[in-house]
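Please look over the chain shown below before reading on.

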Amino acid sequence: MDKVFIKDLEIETIIGIFGWEREVKQIVRISLEMSFDISKAGKSDLIEDALDYKKIGKSIVNLVENSSFFLVEKMAEEIAKLVLKNRQIEDILLKVEKPGALRGSKSVGVNIFRKQ
């Protein structure tokens, strides 16, 4: 199956369990791969036949910016549910990272796989 991806989408949001994290926006980094048959768009060269990754990206930004999750696990589940509302997407491999959350590491986070 073909894959359409968004890599390293950075969004500021309230995320975390500690008191200070509930008051200060932090960056989360989101990457996703969506299984989607691109053959029709590849033949027609029409946006109507393609997966509109800009629309998906904007919907993720809207969800995350307006949320205040305690856990990246919950954020990941909600993003996956949002993306899979598009029934043409067969499955999603999603990575949600919190850069700088653990001293000495580049980032921490979760990878999840969900399907219709």
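In this predicted model, helix α2 passes helix α3 in a right-handed crossing, a term used when the near helix is turned clockwise from the far one by less than a right angle, anticlockwise being left-handed. The contact is made by I56, S59, I60, L63 and V64 of α2 together with M75, E78, I79, L82 and V83 of α3, where contact means heavy atoms within 4.5 Å. The axes of α2 and α3 come within 10 Å and cross at roughly 145 degrees; axes are lines fitted to C-alpha atoms, for helices over the stretch in contact, with angles from 0 to 180 degrees between N-to-C directions.

The model is predicted, so local features need pLDDT of at least 70 and side-chain atom pairs count only at pLDDT 80 or more, while totals for chains, interfaces and linings use all residues. Residues are numbered from 1 along each chain as its sequence is written, and side-chain values use heavy atoms, with hydrogens and water left out.

**Helix α2**
- Helix α2 covers residues 53-65, and its 13 residues should span 18 Å at 1.5 Å a residue, which agrees with the 18 Å between its end C-alpha atoms; the expected span is 1.5 Å times one less than the number of residues.
- I56, G57, I60 and V64 of α2 are buried, meaning under 20% relative accessible area, with exposed being over 50% and partly exposed in between (1.4 Å probe, protein chains only).
- Seen down the axis of α2, these buried residues fall within an arc of 100 degrees, so they line one face of the helix; the arc is that of the directions from the helix axis to the C-beta atoms.
- On the other side of α2, K54, K55 and K58 are exposed.
- The cover over the buried residues of α2 includes β1 (3-15), β2 (26-35) and α3 (72-83).

**Helix α3**
- Helix α3 has twelve residues and reaches 16 Å from its first C-alpha to its last, close to the 16 Å expected at 1.5 Å a residue.
- The buried residues of α3 are V72, M75, A76, E78, I79, A80 and V83, and they pack against β1, β2, α2, β3 (68-69), β4 and β5 (107-115).

- V96 lies in strand β4 and counts as buried at 0% relative accessibility.
- Leaving aside neighbours within four places in sequence, V96 is in contact with residues including R29, V72, M75, A76, I79 and V108.
- E97 also has its place in β4, which runs over residues 91-99, and E97 is buried with a relative accessible area of 11%.
- The side chains of E97 and S107 are joined by a polar contact of 2.4 Å, the term for a pair of N or O atoms within 3.5 Å; within protein, one must be able to donate a hydrogen and the other to accept it, and residues adjacent in sequence count only if both atoms are side-chain atoms.

**The whole chain**
- The chain has three helices and five strands, which are DSSP runs numbered from the N terminus (helices H or I, at least four residues; strands E, at least two).
- Read along the sequence, the pattern is β-β-α-α-β-α-β-β.
- Of the 116 residues of the chain, 38% count as buried.
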